[in-house]
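Morning, everyone. I have one structure to go through today, so let me put it on the screen.

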Amino acid sequence: MSIPNRAIEKVRLIRKIERQRSELSQAGSDWLDATAKVDHYWVKLVDMRKYLVVGSSLLAVYGIRHPSAVVRWSRRAFGIWGTVKLFRKTLGNK
């Protein structure tokens with residue numbers, strides 16, 4: 001390959017790389033926009049981690065002593081959660 005052909009090829013490759021970098025940057029921005037809501041809830045969950053650990057430990061100790069009460073309250077909680085989801089779906093508030 002002669003020197004002028006190498007220079008032309010080099011310029012072509014540099015422009016291709018610049019275009020790919022631009023596309024990658026745009027795709028990264030789109031990805032951050034699409035996952036912003038998930039990231040927000042993940043940060044909330046991580047912030048509540050110590051409380052969840054303490055709460056689950058207390059629930060485990062209480063569950064050993066009173067297993068039927070834990071089952072009963074968990075059924076009630078799932079029932080309430082299902083009712084709230086039904087109302088939200090029915091009223092159109094997602």
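Start with helix α1, residues 3–34, where R12 and E9 both sit, 3 residues apart, about one turn of the helix. Keep in mind that this is a predicted model. The side chains of these two, R12 and E9, meet in a salt bridge, at 2.5 Å from N to O. How many salt bridges does a search of the whole structure find? The count is 1.

R12 comes out at 44%, so R12 counts as partly exposed. E9 has 30%, so E9 is partly exposed as well.

Next, the surface. There is a nonpolar patch made of W42, L45, V46, M48, Y51 and L52, and together these residues have about 630 Å² of accessible area. Two elements give two or more residues to this patch: α2, which is 36–47, and α3, which is 49–65. Of the contributors, α2 gives the most, with 3 residues. Take L45 as one member: L45 lies in helix α2, and its relative accessibility is 39%, so L45 counts as partly exposed.

Last item, helix α4. This helix covers residues 67–91, which is 25 residues. From first C-alpha to last, α4 reaches 36 Å, close to the 36 Å expected at 1.5 Å a residue. What comes just after α4? That is G92, which takes a positive phi of about 90°.

That is what I have.

Key
Residues are numbered from 1 along each chain as its sequence is written. This is a predicted model: local features need pLDDT of at least 70, side-chain atom pairs count only at pLDDT 80 or more; totals for chains, interfaces and linings use all residues. Side-chain values use heavy atoms; hydrogens and water are left out. Helices (H or I, at least four residues) and strands (E, at least two) are DSSP runs, numbered from the N terminus. The expected span of a helix is 1.5 Å times one less than its number of residues. Patches are made of residues with over 30% relative accessible area and no salt bridge: like charges are joined within 9 Å, nonpolar side chains (Val, Leu, Ile, Met, Phe, Trp, Tyr) within 5 Å. Accessible areas come from the Shrake-Rupley method with a 1.4 Å probe; for residues, only the protein chains shown count as cover. A salt bridge is a side-chain nitrogen of Lys or Arg within 4 Å of a carboxyl oxygen of Asp or Glu. Buried means under 20% relative accessible area, exposed over 50%, partly exposed in between (1.4 Å probe, protein chains only).
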